[in-house]
Amino acid sequence: MKTRASDQAFGALLISPAAAFVFCIAIYPILRVLWLSFFTQNLGTSLVPKFVGIDNYIRLANDGHFFATVRTTFFFTFVSVATELVGGLGFALLLNHEFRGRVVARAAMLVPWALPTAVLAWAWSWIFNDQFGVMNDLLRHLGILVRPIAWLGSGSTALFAVIFADVWKTAPFVMIILLAGLQNIPGELYEAAAIDGASVWKRFRFITLPLLLPSIMVALVFRAIQSFGIFDLIFVMTGGGSGGATETLAIYTYNTYLRYLDFGYGSAMIVASFALMLIFTALVYWPLARMRAQFANE
């Protein structure tokens, strides 16, 4: 017993540096933000925290601007993640087949994902420029446009422009996860199904989709969390502008913290954003988990 207790103590000693590191960079900031959300700390208080209880949350519940950014964030996340899933699955199915140049095609598909987001956002801001952008020039040569469109200057098009840029960058991430899942499916299952006369759709419905569902769940949860907290791409492309059409929760929180120096209210926004992100992630995960259970029972 003494030897076992000493081994446990020695093990705890070994992991203590890692535990302290995780506490400092992850747990302490979360606790600090939660604590600060019950205080007012801004220029009006000379940046001295003053306890106000749940006043920041009451203010948040009556903040129409906050709910507008919530709607924008949910819309951006839903459209971008759904589009990335469809596009990523399509490319994964294509690249899972044998053809000449498949290795080069796979490497080329990963280029957008490997590029730094800020650099890519600057590139897309020039592509969508109304005077010099390639997008307007291409559409005019195809006869689709008569005059240039200010893609990033109009509220009706700016949000879809940043969604397009986000999908272009992160669809390869979804593709590589789904491609890894496809390569783990035994080929003998498809051969047996083909011998039994199963169509392409039935093979996808009864073999590919059930066995690929765990990979789909991982990809969707990762992308839902990342998209819900989108900041850098939108901040570089529009700054949340165009009448606030592209202002997400992350950008609104950034402005509250670092432009208006309202740390107490900004902390309440972070706590609320975290709760909303958990709800959205659960809404994404729950139907997929039910679908997986249904496939397991078939």
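Predicted model: local features only at pLDDT ≥ 70, side-chain atom pairs only at ≥ 80, totals over all residues.

User: Why are H6 and H8 called oblique to each other?

Analyst: Their axes cross at roughly 135°, and angles under 35 degrees count as roughly parallel, over 145 as roughly antiparallel, 65 to 115 as roughly perpendicular and the rest as oblique. The angle falls in the remaining range, and H6 and H8 are therefore oblique to each other. The axes are lines fitted to C-alpha atoms, for helices over the stretch in contact, with angles from 0 to 180 degrees between N-to-C directions. H6 covers residues 117-127 and H8 residues 155-183, and their axes come within 11 Å. Helices here are DSSP runs (H or I, at least four residues), numbered from the N terminus.

User: Which residues of H6 meet which residues of H8?

Analyst: Thr117, Leu120 and Trp124 in H6 meet Phe164, Ala165, Trp168 and Lys169 in H8; contact means heavy atoms within 4.5 Å. The residues of this contact divide into five nonpolar, one polar and one charged. In this scheme Ala, Val, Leu, Ile, Met, Phe, Trp, Tyr, Cys and Pro count as nonpolar, Asp, Glu, Lys and Arg as charged, and the others, Gly among them, as polar. The crossing of H6 and H8 is right-handed, a term for a near helix turned clockwise from the far one by less than a right angle (left-handed if anticlockwise).

User: What makes H3 oblique to H10?

Analyst: The axes of H3 (residues 64-95) and H10 (residues 200-228) come within 10 Å and cross at roughly 140°. That makes H3 oblique to H10. The handedness of this crossing is right-handed. Among the residues of H3 that take part are Thr73, Phe76, Thr77 and Leu85, and H10 contributes residues including Phe204, Leu212, Ala224 and Phe228. The residues of this contact divide into twelve nonpolar, five polar and two charged.

User: Why is Thr77 called buried?

Analyst: Buried means under 20% relative accessible area, exposed over 50%, and partly exposed in between (1.4 Å probe, protein chains only). Thr77 has a relative accessible area of 0%, so this residue is buried. Thr77 is in helix H3, and, beyond its neighbours within four places in sequence, Thr77 is in contact with Ala224, Ser227, Phe228 and Phe280.

User: How do you know that the side chain of Thr77 makes a polar contact with Thr73?

Analyst: The side chain of Thr77 reaches the backbone oxygen of Thr73 at 2.8 Å. A polar contact is a pair of N or O atoms within 3.5 Å; within protein, one must be able to donate a hydrogen and the other to accept it, and residues adjacent in sequence count only if both atoms are side-chain atoms.

User: Is Ser215 counted as buried or exposed?

Analyst: Ser215, which lies in helix H10, has 16% relative accessibility and therefore counts as buried. Not counting residues up to four places away in sequence, Ser215 touches Ile177, Leu178 and Gly181.

User: Why is Leu233 called buried?

Analyst: Its relative accessible area is 1%, so Leu233 is buried. Leu233 is in helix H11 (residues 232-237). Its contacts, leaving aside neighbours within four places in sequence, are Thr117, Leu120, Ala121, Val162, Ala165 and Asp166. Leu233 and Ser125 are 108 residues apart in sequence and 9.8 Å apart in space, C-alpha to C-alpha.

User: Why is Ile58 called partly exposed?

Analyst: The relative accessible area of Ile58 is 45%, so Ile58 is partly exposed. Ile58 is found in helix H2 (residues 55-61).

User: What makes H12 mostly covered?

Analyst: Eight of the eleven residues of H12 are buried, among them Leu249, Ile251, Tyr252 and Asn255.

Conventions. Residues numbered from 1 in each chain as written. Heavy atoms only, no water. Helix = DSSP H or I, 4+ residues; strand = E, 2+ residues; numbered from the N terminus.
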